[in-house]
Amino acid sequence: MTRCACAAVLSALVVLAGCATAAKTAPPRQPAQTAPAASAAAGQHSSPSAASATSTPASRAAAKLSQVDSVSCADARHCRAGAEAGTKANDGVILGSVNGGVTWTVQKTIPGVDAVGPIDCPSTTHCLAVGNRVVSLAPPLLVSTTNAGKTWAEHALPESLSDLQALDCVNDEDCWGVGIRFPADGDVVMATTNFGRSWVVQDRSSIAVSMGVSYGISCPGPADCVIVGLGALTTDNGGATWTKRSLGAAGELNAVACPSLSRCVAEGDVTSADPEIDSTGIATSGDGGQSWDLRVAKVGGRVGDLSSLSCPTPATCLSVGNGWTHVATAAPGFPYIFWGAVERSFDGGRTWTGVRQPEASSLYGVSCAAGTPDCIAVGQLEQTTGVILRTVDNGSTWTEIPLPKL
C-alpha cells in the first residue's frame, strides 16, 4: 500500500507508508513452523491477524510482541509500525523508529485492540493508524500530528464502516481509505481533507463495482487514486466519479502502489487449502490504472501469497508475503512449512526475483522510503513472535532487528 489523497471520497485508512506499499516473496527459508491447514478456503485472502495463532501469557508481565502487522516509513529515518501484544487481552501496539529502523520503541499501547493496521505516515510529524477489534464492528482511528508519533489521539471512523482494509495519505491533510461496509454488503470509499478528524463517504452509486473482500489503494496525487480488489477502480477528479477497469483475468488483487501518476503495480493471489495450486498475480499499468497487464504465475517459485508491496521509485518495487516448502508426505499434520517471502523488481514490476532474508514464517507488510534503497518488512516468526527486518540495499540483504520490550 503507497500514498493517496484528497477530495471528498474515501473510507479506510492506514498509518505508515511513506511512498510505497507492500511487496511479497522470498526463496526457501525454513523456520520450524508448520502452517495449519486453515490456510483458507479457495479464493479467500487471510488477514495478518487471522493468519497467526498468537500466544496468550497468563500475565501482562510476560507480554511480548506476538506479531507485527503493518509499517510505514515517512523517510529513511522515521518509521512507524502496528503490532499486537501477546497478552490475555491481545492489546494493539504502535512502534516508532527515528534511526531508520535500527531500534524501535513502544509509542502507544491500545487495550482492547487486537492489532494495528493499516498505518500510513505521509510525513515525519503526521501518521494515521487503524485498530482492529475482532469483537467489535467499530474500528478506532488513531491520529498523530505532533512529536513524531509520540502522542496519539483516537477518532471515530464512519459508522457504516466495519473493517478498514487500506488507506493512503497524499500529504498531511488529504487521505483516502477503503474498507467493508456494515452490514457486509459491499465496499466503502471515503476521504478526509483534515487528516482524519472527519470523513466523507463516497456516494456508493458512483462506485462502479463491488471490489470484493480485500482491497489495495494508492493515490499518487490529490485527485488521482487507484483501488484494486476483485477488479480495479480509478478516479482522476478527486473521487467525483470512478471508472471500472478490467484486469483481464480472474483473481484478487490485494495491494497496489503507484510511484508516479502513470506507473502502478498491483499484486494478489488465488489461494486454497493446497499451496501447490496457489497462484500469485502481478499486474502492471503504464497509464495510471486505466489498463493492466496481468500475469498469474508462481512468482519467484514457491511463493503462496504476496500481501504488501512498496515501490520507492517507478522502476524499483519490493513485495512480501509467504512461501512454502513441501516436507515428507509421511510427516504428521499439514505437510508444508511456510517461510517469509521477499520479491524484488527493477523494471517496474514486469519481472521479479526472490531473495533470501533472515528467518520469518510470514511477512505482512513492507515500506520503503521514497527514492532510497532503505526498506522495513514486518511479520511473524514461529506463530508467537513478531519480526522486524531491515535492508539498506533494496532487499539484497536483511537484518533482523530486536523487538522492543513492552
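Predicted model: local features only at pLDDT ≥ 70, side-chain atom pairs only at ≥ 80, totals over all residues.
How do the residues of the lining of the second largest pocket divide into nonpolar, polar and charged? Residues are numbered from 1 along each chain as its sequence is written, and side-chain values use heavy atoms, with hydrogens and water left out.

To the opening question, then. The lining divides into four nonpolar, seven polar and four charged residues, where Ala, Val, Leu, Ile, Met, Phe, Trp, Tyr, Cys and Pro count as nonpolar, Asp, Glu, Lys and Arg as charged, and the others, Gly among them, as polar. The volume of this pocket is about 200 Å³. On a 1 Å grid over the protein atoms alone, a pocket is an open set of points with protein on both sides within 12 Å along at least five of seven lines, a cavity is a set where a 1.4 Å probe fits but cannot get out, and lining residues have an atom within 4 Å of a point. Points are joined across faces, edges and corners, and a volume is the space filled by probe spheres set on them. Of the 15 lining residues of the second largest pocket, Asp 224, Thr 234, Thr 235, Asp 236 and Gly 288 lie nearest its centre. Strands S14 (224-229), S15 (231-235) and S16 (243-245) each supply at least two residues of that lining, and S14 gives the most, with three. Strands here are DSSP runs (E, at least two residues), numbered from the N terminus.

I turn to the cavities. Among the residues that line the second largest cavity are Cys 73, Asp 75, Cys 79, Asp 374, Cys 375 and Ile 376. By class, that lining has six nonpolar, two polar and two charged residues.

Next, the nonpolar cores, which are sets of buried Ala, Val, Leu, Ile, Met, Phe, Trp, Tyr and Cys residues joined through side-chain atoms within 4.5 Å. Buried means under 20% relative accessible area, exposed over 50%, and partly exposed in between, with a 1.4 Å probe and protein chains only. In the largest core, of 15 residues, Val 71, Leu 95, Trp 104, Ile 376 and Ile 388 touch the most other members. Strands S1 (65-73), S2 (79-85), S3 (92-97) and S26 (375-381) each supply at least two residues of this core. A second, separate core of 14 residues includes Val 130, Leu 141, Val 143 and Met 190.

The structure holds one aromatic pair. Rings of Phe, Tyr and Trp (its six-membered ring) pair if their centres lie within 6.5 Å; planes under 30 degrees apart count as stacked, over 60 as edge-to-face and the rest as tilted. The rings of Trp 176 and Trp 242 have centres 6.0 Å apart and planes at 85°, so the pair is edge-to-face. Trp 176 lies in strand S10 and Trp 242 in the loop between S15 and S16, so the pair ties together parts 66 residues apart in sequence. Both Trp 176 and Trp 242 are buried.

Finally, the structure has seven disulfides, each a pair of cysteine sulfur atoms within 2.5 Å. One of them joins Cys 169 to Cys 175, with the sulfur atoms 2.1 Å apart. The torsion about this S-S bond is about 105°, so the disulfide is right-handed.

Technical notes:
Helix = DSSP H or I, 4+ residues; strand = E, 2+ residues; numbered from the N terminus.
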